[in-house]
Amino acid sequence: MSQPTSSQKYALFWADLRWLLFWMALGALVGWYYEAIAWGIIAALVLFHLLRLYALQRFSQWVKSPIQTPPPEMSGGLTFVATQLYQSRSKEQITQQKMMGLVKKIRSSLLALQDAVILLDAEDRLEWWNQAAEKMLVLRSEDQGDSIFNLIPLPEFHEYYLNATAPNDGIRLNSWKDAARYVQCEVTHFGDEKLLLIYDVTRLQHLEQMRKDFVANVSHELRTPLTVIMGYIETFADQPDIDPKWQRGFSLMSQQTRRMNSIINDLLMLSRLENEEKPEPQCVDMPKLLTHLFDDAQIYNKDYGHLIDLHLDSQANIYGSEMYLNSALLNLVTNAIKYTPKGGEISISWTAVKEGCVLVVSDTGIGIAPEHIERLTERFYRVDSGRSRGTGGTGLGLAIVKHVLYQHEATLKIESSETHGSTFKVFFPESRICKGCNDVGPIEYWGQGDVDSEESTDDQDK
Ligand code: ADP
């Protein structure tokens with residue numbers, strides 16, 4: 001109930017005072033008539049109190065009555081109090097009824113949902129669930145109060161559930177009740193309680209698998225004919241007596257077939273990564289890998305003449321796949337080279353930080369406008385497709401980077417501003433660092449490619 005305002009407080013005071021003055025005046029009048037004014041006033045005061053007690057009695061009975069009963073007729077301030085109380089109780093009742101209606105609607109819509117909805121208490125025990133949950137998870141009334149970890153006994157679910165923050169994309173699981181089905185679980189916290197949504201994504205999973213298989217099969221099937229075509233084109237192009245009018249044609253065919261070959265190789269790599277063909281994890285010697293990468297970058301840099309430097313501030317090694325890591329990091333370095341105008345500066349550094357290790361590739365290149373940054377890791381997404389094609393890009397490099405980093409539990413952060421260059425930071429968590437490696441202090445490498453005056457970067461493969 002809301003607090004009375006100051007005008008309401010005075011209204012109550014006046015209502016009572018008026019009534020008291022009326023009785024005192026009446027007592028004085030009657031007393032004057034009988035020549036005993038004081039007795040008249042005393043008698044009036046007694047009568048006033050008796051009436052007051054009677055009114056209080058009626059008030060207390062009314063308070064106990066059903067909420068919709070209007071207040072009885074009472075004298076003085078009590079009428080005022082009762083009217084106020086009645087009005088606020090009526091308002092509260094209307095709000096309560098509305099809330100109840102809303103709760104009922106929510107409840108019935110949750111019951112009608114095709115997706116399983118489970119309400120969990122602060123101790124992660126089942127509190128309420130809808131019919132879909134009952135069917136999907138074969139729940140019975142005895143399960144109420146049971147732990148969610150008993151209901152879904154998968155370690156990956158436990159990990160997701162315990163670390164989920166809002167908002168999150170959920171986790172896709174192979175159903176533990178039926179191996180042929182897939183479900184998506186999403187947990188939302190509200191206060192101490194949680195809402196768990198589970199929906200069937202079997203069809204979506206099949207469609208995604210079909211898409212992955214299709215891309216993998218097409219890429220695989222195209223590889224052999226393309227290798228044959230590439231071989232013949234190169235053989236013909238190398239003929240000394242080739243007619244000069246065919247020379248440009250052969251050179252273009254050779255360039256384009258090499259580009260197709262790069263796309264097919266990248267698609268196959270992505271398919272392998274997507275199908276989670278996880279290679280045997282090994283302790284990857286990161287300083288060695290980065291030194292090789294630096295040497296490869298120098299070869300690629302020949303046509304650009306950038307100043308490339310490598311800072312190995314840490315000797316930490318990473319638990320993962322050397323082949324995939326090399327491919328992802330080479331993509332970042334070749335991008336830095338490709339998207340920096342000739343004579344720029346590229347820096348590669350490997351540093352230990354509080355949360356693990358970070359690899360930074362920064363350049364002084366063309367940069368990326370903020371609206372593109374979010375989408376860069378999508379397949380075939382290019383800021384400027386003409387320029388990308390010109391540099392021999394496939395549009396799949398950063399998609400590969402994303403998948404490789406995901407497999408290594410690493411995260412990618414892109415900082416860039418147009419014309420000022422870009423910085424790609426890869427964070428590897430502490431858990432990915434191979435133990436037992438000694439830090440022998442910083443090592444630095446410097447190198448500058450020769451600037452080639454001719455535009456001959458088109459056929460560079462990543
Ligand atoms: P591509 O093969 O076209 O280089 P990527 O997936 O490697 O494809 O990169 C996607 C797009 O991101 C590129 O087309 C380019 O526009 C942009 N990009 C990537 N790295 C850089 C960089 N270091 N500087 C500027 N733009 C970049």
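Modeller: A search of the whole structure finds one disulfide, where the term stands for a pair of cysteine sulfur atoms within 2.5 Å. This is a predicted model, in which local features need pLDDT of at least 70 and side-chain atom pairs count only at pLDDT 80 or more, while totals for chains, interfaces and linings use all residues. Residues are numbered from 1 along each chain as its sequence is written, and side-chain values use heavy atoms, leaving out hydrogens and water.

Biologist: What does a disulfide join, and which cysteines does the disulfide join here?

Modeller: In general, a disulfide is a covalent bond between the sulfur atoms of two cysteines. Here cysteine 283 is joined to cysteine 434, with S to S at 2.3 Å. The link of cysteine 283 and cysteine 434 is right-handed, with 135 degrees about the S-S bond.

Biologist: Where in the chain do cysteine 283 and cysteine 434 lie?

Modeller: They link distant parts of the chain, 151 residues apart. Cysteine 283 is in strand β6 (residues 282-284), and cysteine 434 is in the loop between β12 (421-429) and β13 (443-448). Strands are DSSP runs of E, at least two residues, numbered from the N terminus.

Biologist: Is cysteine 434 buried or exposed?

Modeller: Buried means under 20% relative accessible area, exposed over 50%, and partly exposed in between, using a 1.4 Å probe and protein chains only. Cysteine 434 has 8% relative accessibility, so cysteine 434 counts as buried.

Biologist: How do cysteine 185 and cysteine 357 count?

Modeller: Cysteine 185 is buried at 0%, and cysteine 357 is buried at 1%.

Notes
Helices (H or I, at least four residues) and strands (E, at least two) are DSSP runs, numbered from the N terminus.
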